[in-house]
Amino acid sequence: VNDEHAIRPGAVGPAAPVQRDGRQVYDRGDTVCVIGAGGSGLTAIKNLREAGFSVDCYERETSVGGAWNWRHDRSPVYASTHLISSKPFTQFPDFPMPDDWPDYPHHSQLLSYFERYADHFGLREHIWFGSEVARIDPVPDGRRWDVTIRGSRGEQPRVLRYAAVVIANGHNWSPRWPEIEGQDEFRGQVLHAGAYSDAAQLRGRKVLVVGGGNTGCDLAVEAAQQAARCWHSTRRGYWYAPKYVLGRPADQANDLLRWLRIPLTLRRWLFARVLGATVGDHTRWGLPKPDHKLYETHPVVNSQLMYHLGHGTITPVPDVARFTRDGVEFTDGSTAEPDLVVLATGYRPVFEFAAGELLGIDADGRPDLRLQLFSRTHPTLAVVGLVQPGSGMFSIAHWQAVTVARWLRLMQSAPERAATIHAQRQGRPERRFTQAKVSDSSRHWFEIDHVVYLRALQRSLDELEVAS
Amino acid sequence: MSIKILRQREWALPPAPVRREVLTAAPADGTDAPPVLFVPGFGHGAWAFAEHWLEHAAERGFPAYAMSLRGHGGSGSAARTTLRAYVHDVTQVAASLPGQAVLVGHGASALVVAMALARYPARAAVLVSPVFGGAGAAVSALVRAPVVTLPAVFGRPLRPRRGQLFSRELPAADGRRYADRLGGASARAQWQLVAHSAPEDPVGDPPVLVVGSPDDRIVGRAALTAVARRYGGAPLLFPGMGHDVMLDAGWQEPIDAILDWLDKPAR
């Protein structure tokens with residue numbers, strides 16, 4: 001019987017008082033600080049605790065679920081949001097979603113899944129709700145962190161010292177607004193998709209949806225059903241993947257082919273045949289021809305877009321050139337007169353509590369992390385969930401959290417070996433974890449292919465196992 | 001401890017959903033004890049634990065659950081079931097419980113539970129009279145008990161005899177009643193008992209206890225010791241009992257020992 005994995009690791013003893021900015025610093029010893037209690041934060045807490053760490057998690061909202069909790073102001077979900085990856089890819093690998101749920105659950109089911117996960121593993125007692133992290137500062141020893149917590153109801157800030165910081169603040173909550181000429185002149189309403197919540201907002205209106213991503217396509221379909229008129233503006237041609245192919249969820253069919261080691265070129269050919277046999281050439285509806293090969297952009301999974309294009313309830317239009325007083329002019333010179341423009345133009349990553357150099361953030365706001373996970377300069381700083389897989393999200397966040405926990409364990413149990421590994425990794429250039437060459441647009445900053453990326457995590461875990 | 005991340009075959013081909021029977025016994029008072037999930041072995045349903053152990057665990061303050069694997073007891077049937085589908089059944093039920101569960105597997109389901117431990121971070125696990133199978137065990141079973149084992153070669157269910165499951169202490173009427181309720185596992189899963197890869201390492205490093213009887217005529221003492229050694233311990237032995245320690249005359253002693261073990265402070 002092993003007693004190391006005690007349910008409650010030893011309480012942290014007091015240390016000599018330290019000050020930062022005139023405030024008392026409470027030393028939390030070996031405790032790890034997790035920022036955010038959405039899906040990624042929850043799995044960070046759970047896996048760090050499983051590795052024997054005590055954890056303090058700070059969540060600025062008053063409940064778990066992050067982006068997937070529709071009650072949260074910053075949540076981008078709308079009433080009809082469903083998953084676009086099927087259950088086996090989305091769920092935490094050690095906490096399966098119920099069999100009687102559909103292949104593609106609704107966002108409210110995902111929230112209840114996170115709530116059950118939190119209850120099942122007793123995570124809530126480690127979360128400070130309504131507490132926002134104001135800043136994180138590395139302690140001069142280069143290892144530990146002073147974390148300043150802003151009280152929610154005008155309380156005095158507190159400063160606590162942690163052995164490590166795991167950031168899980170999400171990257172789909174700060175809208176990316178495109179700069180479009182003449183936007184101030186336009187008399188209609190302009191909305192970012194993040195502020196869209198319900199089909200009632202579209203009913204009876206003339207709606208232009210801007211953006212060819214998954215949200216843009218979902219909203220175009222919704223507008224096709226609810227609005228008086230729907231235009232859908234995309235910059236380029238895309239490959240639209242159906243949600244089901246070969247009698248199963250498309251991602252399961254795709255992974256079956258990959259498990260059978262079917263090479264990329266053959267899968268591209270097969271995919272084109274499947275599309276050809278169902279919807280056919282979609283340029284006949286006025287959509288541009290894709291200017292890239294399949295798997296070179298983030299997959300857009302939508303079975304209904306083609307249906308509505310075929311029924312004429314969606315009018316495809318090119319990129320927006322400028323707003324006018326009464327409408328919009330497109331790059332091909334055509335015009336439309338929407339009274340509502342929904343910008344499904346994505347989100348940008350924001351780490352307002354961390355100095356840019358901690359995460360290697362460049363002038364465009366793009367972070368540079370090792371394995372898209374670890375700070376390059378600070379071995380006790382990691383970001384979980386800052387990936388955009390062409391597959392489910394939370395199984396990947398789980399394995400990221402496991403990797404972080406193993407790494408921090410090694411730093412505690414064998415600091416010299418950990419230092420050696422860290423130094424070795426310094427010089428290595430980072431690769432892209434994609435199967436095909438992807439575009440470098442900000443939309444694809446965090447793009448990964450789940451198989452390529454999980455293989456890299458597997459290697460990292462194996463390496464840590466050998467080291468410890 | 002090695003970990004396997006990529007499981008494309010499982011992602012691409014998840015086991016078919018099925019209705020699962022889960023019997024429950026709740027403690028009278030609120031409790032902070034972890035839920036205990038009993039998983040009966042091949043041929044047995046949740047009833048095998050509902051007879052004694054389920055209520056007894058609840059009386060001692062543990063929220064107790066007993067499930068039936070697919071094709072067993074009150075669970076729905078599924079054709080061409082594999083060990084992987086049984087493992088799926090166990091992780092599905094475990095994840096549906098209110099807290100991190102203790103998994104208790106009996107007979108061949110001790111192997112199913114051992115496999116499930118790689119897919120679900122159990123609070124602890126107990127392997128009761130574990131049948132871990134393997135080619136050697138199959139050959140020796142064929143030699144020692146051809147009447148029981150031979151039909152399985154032709155895809156018929158393994159039907160152990162009363163004398164193997166129970167000691168002489170158990171009233172014959174009870175033994176007959178239990179034996180009448182026995183069903184069978186799928187032929188595929190039975191074959192997989194002979195040839196399967198060893199269970200992967202558990203996730204979350206749970207403590208594992210092995211319980212059995214040195215007089216079990218299905219699982220020999222050497223097999224008990226081998227399984228216990230794999231988890232770094234020695235088996236807890238209850239002499240004079242048959243394979244079905246949860247139904248046999250002396251059923252209370254092993255369950256009390258298991259619950260005492262769970263009550264130790266580290267858990």
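Which residues does His171(A) touch, not counting residues up to four places away in sequence? In this predicted model, with contact meaning heavy atoms within 4.5 Å, His171(A) touches Tyr347(A), Arg348(A), Pro349(A), Gly385(A), Leu386(A), Val387(A) and Phe446(A). The residue is found in the loop between β9 and β10 (189-192) of chain A; helices (H or I, at least four residues) and strands (E, at least two) are DSSP runs, numbered from the N terminus. His171(A) counts as buried because its relative accessibility is 11%, where buried means under 20% relative accessible area, exposed over 50% and partly exposed in between (1.4 Å probe, protein chains only).

Residues are numbered from 1 along each chain as its sequence is written, and chains are lettered from A and ligands numbered from 1 in the order in which they are written. Local features need pLDDT of at least 70, side-chain atom pairs count only at pLDDT 80 or more, totals for chains, interfaces and linings use all residues, and side-chain values use heavy atoms, with hydrogens and water left out.

A nonpolar core is a set of buried Ala, Val, Leu, Ile, Met, Phe, Trp, Tyr and Cys residues joined through side-chain atoms within 4.5 Å. The largest such core has 65 residues, and Leu42(A), Leu48(A) and Trp407(A) have the most contacts inside it. Elements of chain A that each supply at least two residues of this core include β3 (32-35), α1 (39-50), α8 (394-413) and α10 (450-467). Its largest share, twelve residues, comes from α8(A). Apart from this core lies another, of 39 residues, among them Leu83(B), Tyr86(B), Leu127(B) and Leu224(B). Leu48(A) touches Val32(A), Val34(A), Phe53(A), Val55(A), Val166(A), Ala405(A) and Leu408(A), not counting residues up to four places away in sequence.

The contact between the chains takes 38 residues from chain A and 39 residues from chain B. About 3,200 Å² is buried between chain B and chain A, and carbon and sulfur atoms give 56% of this area; buried area is the accessible area (1.4 Å probe) that two parts lose on being put together, summed over both. Of the area that chain B buries against chain A, 22% is supplied by Ile5(B), Gln8(B) and Trp11(B), more than by any other three residues.
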